[in-house]
Amino acid sequence: MRWYPFHNPDWVTSLFPGCIWHKSRSEKKVYLTFDDGPQPDATAYVLELLDSYGMKATFFCVGDNVIKHPDLYDRILNGGHQTGNHTQHHLNSWKTNNKQYIKNVKLAESSIKSKLFRPPYGKLGLSTYNSLKKLGYQIIMWDVLSGDFDVNQNPTVVLKQLKKHTKNGSIIVFHDSDKFLEMLKQVLPEYLQYVKDNGWETATL
């Protein structure tokens, strides 16, 4: 089982203070985000579930998936949700030179048309960070990581950690990826009910 932080401590967020790690702690709002879509089964499932709860979210889309599934991308926007850039080919900044990475981000923007950006894997080198900021991107990170991408994780543990760390202004990461759909089905409905029961409003970024 892989180890990863469900919640980012302050020392992590201080490394890139120009990134957005959470929103206002004084407002009774949380910010649901979904990475890696749009993908046929998972994105459709998420959109239907969000609609049933009357909730909104921000989807950080892979440009190549937008090209493959333009109808799903339109459904996201038509549903009142927000989209952001997650590169064209889900690149790892730590394994890609800055020039190639930025070119890939710009390619994704041609179909996503958003200045919100989240780096795949949450990995961002300093030179790439500086380049993105100069280009006017708002870099959106998170303070709560669901762990839905870990198929070896116990869904009960995922839910427990989500509930433990969610607070006013939290930015929560899920994945609308077909690879992780079974985990999502076990976690997301109960978590959305928890958000509703605790009186949080969901908002886009």
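I began with helix α7 (residues 155-165) and helix α8 (residues 181-197), which pack at an angle of about 30° with their axes 10 Å apart. The helices (H or I, at least four residues) and strands (E, at least two) are DSSP runs, numbered from the N terminus. The axes are lines fitted to C-alpha atoms, for helices over the stretch in contact, and angles run from 0 to 180 degrees between N-to-C directions. The angle makes α7 roughly parallel to α8; I took angles under 35 degrees as roughly parallel, over 145 as roughly antiparallel, 65 to 115 as roughly perpendicular and the rest as oblique.

The model is predicted: local features need pLDDT of at least 70, side-chain atom pairs count only at pLDDT 80 or more, and totals for chains, interfaces and linings use all residues. Residues are numbered from 1 along each chain as its sequence is written, and side-chain values use heavy atoms, with hydrogens and water left out.

Next I listed the contact (heavy atoms within 4.5 Å). Pro155, Val158, Leu159, Leu162 and Lys163 of α7 meet Met183, Gln186, Val187, Glu190, Tyr191 and Tyr194 of α8. By class I have 8 nonpolar, 1 polar and 2 charged residues there. In this scheme Ala, Val, Leu, Ile, Met, Phe, Trp, Tyr, Cys and Pro are nonpolar, Asp, Glu, Lys and Arg are charged, and the others, Gly among them, are polar.

I then checked glutamine 186, which lies in helix α8. At 48% relative accessibility, glutamine 186 counts as partly exposed (buried is under 20% relative accessible area, exposed over 50%, partly exposed in between; 1.4 Å probe, protein chains only). Not counting residues up to four places away in sequence, glutamine 186 touches Pro155 and Leu159. Glutamine 186 and isoleucine 102 are 84 residues apart in sequence and 36 Å apart in space, C-alpha to C-alpha.

α5 and helix α6 (residues 126-134) pack at about 40°, axes 10 Å apart, which makes α5 oblique to α6. Asn98, Tyr101, Ile102 and Val105 of α5 make the contact with Ser127, Thr128, Ser131 and Leu132 of α6.

Serine 93 counts as buried at 6% relative accessibility. Leaving out residues up to four places away in sequence, serine 93 touches Tyr101, Lys123, Leu124, Gly125 and Thr128.
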